[in-house]
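Please examine the structure shown below, with attention to its pockets and its ligand.

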Amino acid sequence: MVAPEAFPLLKVGGLADAAGALPKALRSLGVEATVLIPWTPGVEARRVGEVAFSFAGEEERAGLGERVEGGVRFWLLGLPDFARERLYGYPDDVRRFIRFALAGRSLAWGFDLLHLHDWPAALLALYGFPTVYTIHNLAHQGLLDPGAFFHWTGLGWNLFHMEALEFYGKVNLMKGGIVFATRVTAVSPSYMEEIQTPEFGEGLDGVLRKHRPKLRGILNGLDTLYWDPKADPHLPFPYGDWAGKARMEAHLAEALGLKPPVLGVVGRLVHQKGLDLVLEALPHLLWMGYSLVVLGSGEEILEEGFSRAMRAHPGRVHFQGGYDEALAHRIYAGSHAFLMPSRFEPCGLSQMIAMRYGTPPVARRVGGLKDTIRDGRTGVLFDSAHLEGLLSGLCRLERLDREALGRRGMAEEFSWEKPARAYLEVYREVCG
Ligand code: ADP
């Protein structure tokens with residue numbers, strides 16, 4: 001497996017959860033996977049060697065680290081490009097990950113197949129290995145100038161046409177993954193359907209439709225050992241029933257100094273997640289009697305908006321920026337409802353976590369949200385991507401038996417066992 005991030009070594013978002021948990025689940029099916037990720041500062045691993053590769057016609061070297069976690073072998077590629085504070089968000093991200101992929105190519109021989117995750121790994125689909133390419137988020141594609149691309153990789157310009165890498169005058173790595181991989185998966189069946197339409201296709205819906213026979217939608221699982229309200233070290237008192245959940249709700253409100261009931265949000269503060277709607281709906285939410293806790297970082301305008309709301313409404317709004325694993329767990333457990341008004345959602349883990357902790361999600365009817373939340377049974381789905389949608393979702397929740405929703409959610413099966421079997425099927429198709 002080649003991925004830009006993998007839990008528990010390196011995590012920015014849901015991709016890391018998948019790239020970390022899937023190999024573990026595959027192990028119990030008798031599949032042995034090695035996970036290759038960049039070696040970033042602060043990640044402990046044993047140095048086991050060095051790999052040589054060619055970049056822009058020059059020979060380069062990368063350190064190779066190894067670490068075994070939960071029985072899974074992780075390989076880490078030490079490149080100077082990744083000795084930075086963050087994993088993504090630099091102007092040279094595309095070059096950094098091309099270098100990562102080229103170095104990874106030297107390690108790919110000897111494996112039965114390569115499972116590539118998102119555009120940072122997509123380049124490896126071009127070298128004739130048997131490959132599965134998984135789309136975690138079509139919105140990030142890895143676009144670059146063709147001159148730079150062919151110079152760095154040494155690949156031939158004959159790949160620069162519409163049926164291959166070309167995308168409006170640029171090279172598009174995501175497109176390369178879709179076109180050249182043996183099989184392409186997306187992280188939920190609904191998202192796989194949606195991205196074949198212009199509304200969600202990010203300009204690649206036509207390419208996807210063209211390659212339809214090799215597309216598969218496989219829902220992500222959840223690491224249900226890690227996300228377990230009965231044995232969660234981040235909770236002041238773990239619980240397995242509704243009484244314990246109610247106690248957690250009281251505890252969260254008190255700890256944050258908020259008047260219950262508290263609505264919870266955990267996630268990246270980006271356009272995709274639709275959290276501007278939560279901000280817009282805030283006066284209505286407060287009027288309806290809710291308080292709000294938001295944990296997440298991202299776009300400055302949203303961070304500022306939530307900070308301002310917290311100052312303006314003491315005792316009703318709590319915002320915390322940055323990453324906080326413990327608080328995230330407490331919000332999943334202690335919220336009255338979990339809000340997820342995403343504009344699009346490839347799979348989404350947060351709603352599954354919330355359900356597992358007995359907290360009904362109120363979410364938009366898109367992608368993986370649609371595939372994991374049973375509307376009116378384990379949570380509430382709404383259609384409109386405007387504040388009316390969110391508010392009507394909450395009104396519906398209040399007419400339902402929240403405890404029954406929470407109980408059913410806690411009993412849902414979200415583990416990686418089923419997804420791992422589905423991937424194994426795809427691996428079998430690839431390896432023949
Ligand atoms: P995405 O991959 O689009 O970010 P997902 O819902 O698939 O969204 O996964 C998000 C994961 O990251 C969840 O496990 C969530 O708990 C975690 N997460 C996101 N933001 C934070 C944060 N600020 N602090 C702690 N955990 C976070």
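Helices α1, α3 (119-122), α11 and α12 each contribute at least two residues to the lining of the largest pocket; helices here are DSSP runs of H or I with at least four residues, and strands are runs of E with at least two, numbered from the N terminus. The model is predicted, with local features requiring pLDDT of at least 70 and side-chain atom pairs pLDDT 80 or more, while totals for chains, interfaces and linings use all residues. Residues are numbered from 1 along each chain as its sequence is written, and side-chain values use heavy atoms, with hydrogens and water left out.

A pocket is an open set of points on a 1 Å grid over the protein atoms alone, where a 1.4 Å probe fits, with protein on both sides within 12 Å along at least five of seven lines; lining residues have an atom within 4 Å of a point. The largest pocket holds about 1,500 Å³ of space, a volume being the space filled by probe spheres set on the points, which are joined across faces, edges and corners. Among its 50 lining residues, those closest to its centre include Gly 14 and Arg 268.

The ligand takes up the space of this largest pocket, since a molecule sits in a pocket if more than half of its atoms lie within 2 Å of its grid points. A backbone N or O atom of Gly 14 is 2.6 Å from a ligand oxygen atom, and a side-chain N or O atom of Lys 273 is 2.8 Å from one.

Conventions: A polar contact is a pair of N or O atoms within 3.5 Å; within protein, one must be able to donate a hydrogen and the other to accept it, and residues adjacent in sequence count only if both atoms are side-chain atoms.
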